Amino acid sequence: RGVEEKKLPSNIEAEQALIGSVLVNNDIIDEISSIVSSNKFFDPAHRKIFEVIENLNNKGMIANPITLKNYFENNSGLEEVGGIDYLVKLTRFSSSVKQSIDYAKIIHEMYVKRELISISENIDEESRNKELEKTGEGIIEDAEKSLFDLAERGNFSQSFLKFNQAVDQTIEMATKAMQSDRGIVGVPTGLTDLDEKLGGLHTSDLVIIAGRPSMGKTALATNIAYYAAKKLKDDNEKSSVAFFSLEMSSEQLSTRILSEQARIKSNDIRRGMATKEELDRYIETSRNIYDLPLYIDETPAIAISTLSNRARRIKRLFGLNLIVVDYIQLMRTNSKRYEGRVQEISEITQGLKALAKELKVPVLALSQLSRAVELRDSKVPQLSDLRESGSIEQDADVVM
């Protein structure tokens, strides 16, 4: 940096005009509350004034120079923000609702740019810091998360929801379930009995499908992913399904999906045993599923942090409706601190559940079962048969 400190992006006039307008007409607060909040103002005095306006408004009180003067006198600090004269002066900048929205957008834009500078300074500092244990990849992942939060929510941390908003969401879900043909409100799996039991895969849920090797876990998961993607395509919805395949290559997966849909054994195709009629059907099917919004990631031994970042990126670029992970025991974490696999699996399942909540999508993860099933007379699996089980059954919303 040069000798002079570079100026941070801000627009003081827009801040003055917006506060002035709100002081004259409190109805504007509802119009702009989704765009700005007090922490997005650059001028500390404006930040303080807007915070008080928000407080008064939340209590159902009018916010104008007189009520603000009263508030500040009780809580001191009016001189810091320029006294009553400054509050009155601000009201002279007042303008229409439409213009206020434009001012709010300018303030938000400046805030985003300041946050970007702060993220890049952080990258700069961490990259130069020789003492820091963080790898380059770790720094990239942290930066990606910060950028995703900024892009998605316009800030780093809007994590609380007032109860009435949560109730509204519940009512909306119940109404949707009633209107839908079979009470399915989540992402449909395409298996009617399962959909009726679960009501589809619900947002923010971690759903586990567990089974012994070669019992058809992957076949089931690819079918569900295919059906969900097909439904999205048919409904012309801008969204997608992300399939993290740690075991199979994307080519193997697409072969499976294709032969399932064309009803031809994938083995016959591989060995060139398919008849001409079957091959034609195969090619015809491939045309039909060519444009499916299904994204396959075939990174072996993917770390939970990398998987989360890729899912965020897919959501940002294409929209996201469902995440499928095949399968949990092949994943890893970046931390070296675990002695046993059990703690590592625990961090992975917690990470998957956190991702489901953050991106508001269901996460369908496959899991291996331990041998204990095969040793019992009744071969019915139990929750305790999940390999490295404690954490899986604890973090999952549905286990099947």
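Trainee: What makes helix 1 roughly parallel to helix 3?
Mentor: The model is predicted; local features need pLDDT of at least 70, side-chain atom pairs count only at pLDDT 80 or more, and totals for chains, interfaces and linings use all residues. Helix 1 (residues 12-24) and helix 3 (residues 44-58) have axes that come within 11 Å and cross at roughly 25 degrees. Roughly parallel is under 35 degrees (over 145 is roughly antiparallel, 65 to 115 roughly perpendicular, the rest oblique). So helix 1 runs roughly parallel to helix 3.

Trainee: Which hand does the crossing of helix 1 and helix 3 have, and which residues make the contact?
Mentor: Helix 1 passes helix 3 in a left-handed crossing (near helix turned anticlockwise from the far one by less than a right angle; right-handed if clockwise). Helix 1 brings Ile12, Glu15, Gln16, Ile19, Val22 and Leu23, and helix 3 brings His46, Ile49, Phe50 and Ile53. Contact is heavy atoms within 4.5 Å. By class, the residues are 7 nonpolar, 2 polar and 1 charged. Numbering starts from 1 along each chain as its sequence is written, and side-chain values use heavy atoms, without hydrogens and water.

Trainee: How do you know that helix 14 is roughly parallel to helix 15?
Mentor: Helix 14 (residues 304-318) and helix 15 (residues 341-359) pack at about 15 degrees, with axes 10 Å apart. That angle makes helix 14 roughly parallel to helix 15. The crossing of helix 14 and helix 15 is right-handed.

Trainee: Which residues of helix 14 and helix 15 meet?
Mentor: From helix 14, Ile304, Leu307, Ser308, Ala311, Arg312 and Lys315. They meet Glu347, Ile348, Gly351, Leu352, Leu355, Glu358 and Leu359 of helix 15. The classes are 7 nonpolar, 2 polar and 4 charged.

Trainee: How many aromatic pairs are there, and why is Tyr71 with Phe72 called edge-to-face?
Mentor: The structure holds 3. The ring centres of Tyr71 and Phe72 lie 6.3 Å apart, with planes at 90 degrees. Pairing needs centres within 6.5 Å; planes over 60 degrees apart are edge-to-face, under 30 stacked, the rest tilted. So Tyr71 and Phe72 are edge-to-face.

Trainee: What makes Phe72 buried?
Mentor: Its relative accessible area is 2%. Buried means under 20%, exposed over 50%, partly exposed in between (1.4 Å probe, protein chains only). Tyr71, at 21%, is partly exposed.

Trainee: Why is the pair of Tyr295 and Phe318 called stacked?
Mentor: The centres are 4.4 Å apart and the planes at 15 degrees, so Tyr295 and Phe318 are stacked. Tyr295 lies in strand 3 (residues 294-297) and Phe318 in helix 14, so the pair ties together parts 23 residues apart in sequence. Tyr295 is partly exposed at 30%, and Phe318 is partly exposed at 32%.

Conventions
Axes fitted to C-alpha atoms, helices over the stretch in contact; angles between N-to-C directions. Helix = DSSP H or I, 4+ residues; strand = E, 2+ residues; numbered from the N terminus. Nonpolar A, V, L, I, M, F, W, Y, C, P; charged D, E, K, R; others polar. Phe/Tyr/Trp six-rings, centres within 6.5 Å; stacked < 30°, edge-to-face > 60°.
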